[in-house]
Amino acid sequence: SHLPEQTELLVVLGGPMSVHDEALYPWLREEKKQIEIALSRQIPVIGICLGAQLIAQILGAQVSPNAHKEIGWFPIYRRANIAKNSFSRALPEQILAFHWHGETFSLPDGAQPLYYSDACEQQAFLYDNHVLGLQCHLETTPKIAQSLMENCASELEEPGPYIQQGDDILGPVHQFIEANDLLSQWLFQLKR
């Protein structure tokens with residue numbers, strides 16, 4: 001199965017597996033192929049968490065465990081001296097973002113780093129003005145956060161400076177809405 005000719009935008013989402021788990025999850029090979037096709041056709045692509053790690057790996061970057069697991073709401077900070085790009089107008093200096101990851105990626109060659117957090121050096125990159133990789137989750141809704149807390153509860157029991165608990169993770173609803181709105185803006189910018 002190949003990426004349909006009329007594909008206008010490819011969104012590659014997250015999951016609990018690693019980009020290195022092809023033996024356990026053979027479909028990862030196919031997913032990587034589809035991302036490669038989109039990149040070769042210059043189709044706008046956005047990758048979130050595992051999705052960003054898959055894109056980074058395809059672009060030649062390393063994916064490895066991060067020094068810290070990052071779970072919950074932590075700010076990401078815009079890098080200084082970002083070159084003018086298609087997103088320049090929509091890059092707030094600081095974003096309160098939702099996180100749930102233990103791995104990270106090195107910056108792919110030719111990619112522009114956009115954001116970092118205290119726990120993780122690579123939070124967002126832009127490649128070739130139409131490929132966006134996000135380590136954090138701006139798509140999360142309260143329902144998704146609740147589901148993560150139930151299905152990945154064991155990860156919350158591990159001690160760590162960047163692991164929040166129940167009430168902090170569910171946070172006020174406006175945090176989710178603001179993050180979702182920003183992601184919508186970015187999707188719109190990518191698709192132009």
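Two strands count as paired if DSSP finds at least two bridges between them. By that rule β5 pairs with strand β6 (residues 124–127): 4 bridges join these strands, which run antiparallel. The model is predicted.

**The sheet as a whole**

- An open sheet is formed by 7 strands, in the order β1-β2-β7-β6-β5-β3-β4, with mixed pairing.
- β1 and β4 (94–105) are the edge strands, each pairing on one side only.
- On average, neighbouring strands of this sheet are turned by 20° against each other, direction ignored.
- Strands of a sheet pair through backbone hydrogen bonds, and the pairing is either parallel or antiparallel.

- Strand β2 spans residues 45–48, and both of its faces are covered.
- Val45 and Gly47 lie on one side of β2, Ile46 and Ile48 on the other, and all of them are buried.
- In a regular strand, side chains alternate between the two faces of the sheet.
- Strand β1 (residues 10–12) runs parallel to β2 and is joined to it by 3 bridges.
- Leu10 has Val45 in β2 as its bridge partner, while the partner of Val12 is Gly47 in β2.
- From β1 the chain passes through helix α1 (residues 27–40) to reach β2, and this β-α-β crossover is right-handed.
- Strand β7 (residues 131–134) is also parallel to β2, and 4 bridges join the two.

- Strand β5 covers residues 111–117.
- Because 5 of its 7 residues are buried, β5 is largely enclosed by the rest of the structure.
- Strand β3 (residues 63–78) runs antiparallel to β5, with 3 bridges between them.
- Arg78 stands opposite Tyr115 in β5.
- β5 and β6 form a hairpin, and 6 residues lie between the two strands.

**Helices α1 and α2**

- Two packed helices are described by the angle between their axes and the distance between the axes.
- The axes of α1 and helix α2 (residues 50–58) come within 10 Å and cross at roughly 65°.
- Angles of 65 to 115 degrees count as roughly perpendicular, so α1 is roughly perpendicular to α2.
- This crossing of α1 and α2 is right-handed.
- On the α1 side, Leu28, Glu31, Lys32, Ile35, Glu36 and Leu39 take part in the contact.
- These residues meet Leu54, Ile55, Gln57 and Ile58 in α2.

- Is Gln112 buried or exposed? Buried means under 20% relative accessible area, and Gln112 has 18%, so it is buried.
- Gln112 is found in β5 and stands opposite Leu126 in β6.
- Apart from neighbours within four places in sequence, Gln112 is in contact with Ile82, Ala83, Asn85, Leu107, Ala124, Phe125 and Leu126.
- Gln165 is found in the loop between α4 (153–157) and α5 (166–170).
- Gln165 and Ala153 are 12 residues apart in sequence, and 9.8 Å separates them in space, C-alpha to C-alpha.

How values were computed: Residues are numbered from 1 along each chain as its sequence is written. This is a predicted model: local features need pLDDT of at least 70, side-chain atom pairs count only at pLDDT 80 or more; totals for chains, interfaces and linings use all residues. Side-chain values use heavy atoms; hydrogens and water are left out. Buried means under 20% relative accessible area, exposed over 50%, partly exposed in between (1.4 Å probe, protein chains only). A crossover is right-handed if, with the strands pointing away from the viewer, the path from the first strand over the helix to the second runs clockwise. Axes are lines fitted to C-alpha atoms, for helices over the stretch in contact, and angles run from 0 to 180 degrees between N-to-C directions. Angles under 35 degrees count as roughly parallel, over 145 as roughly antiparallel, 65 to 115 as roughly perpendicular and the rest as oblique. A crossing is left-handed if the near helix is turned anticlockwise from the far one by less than a right angle, and right-handed if clockwise. Contact means heavy atoms within 4.5 Å.
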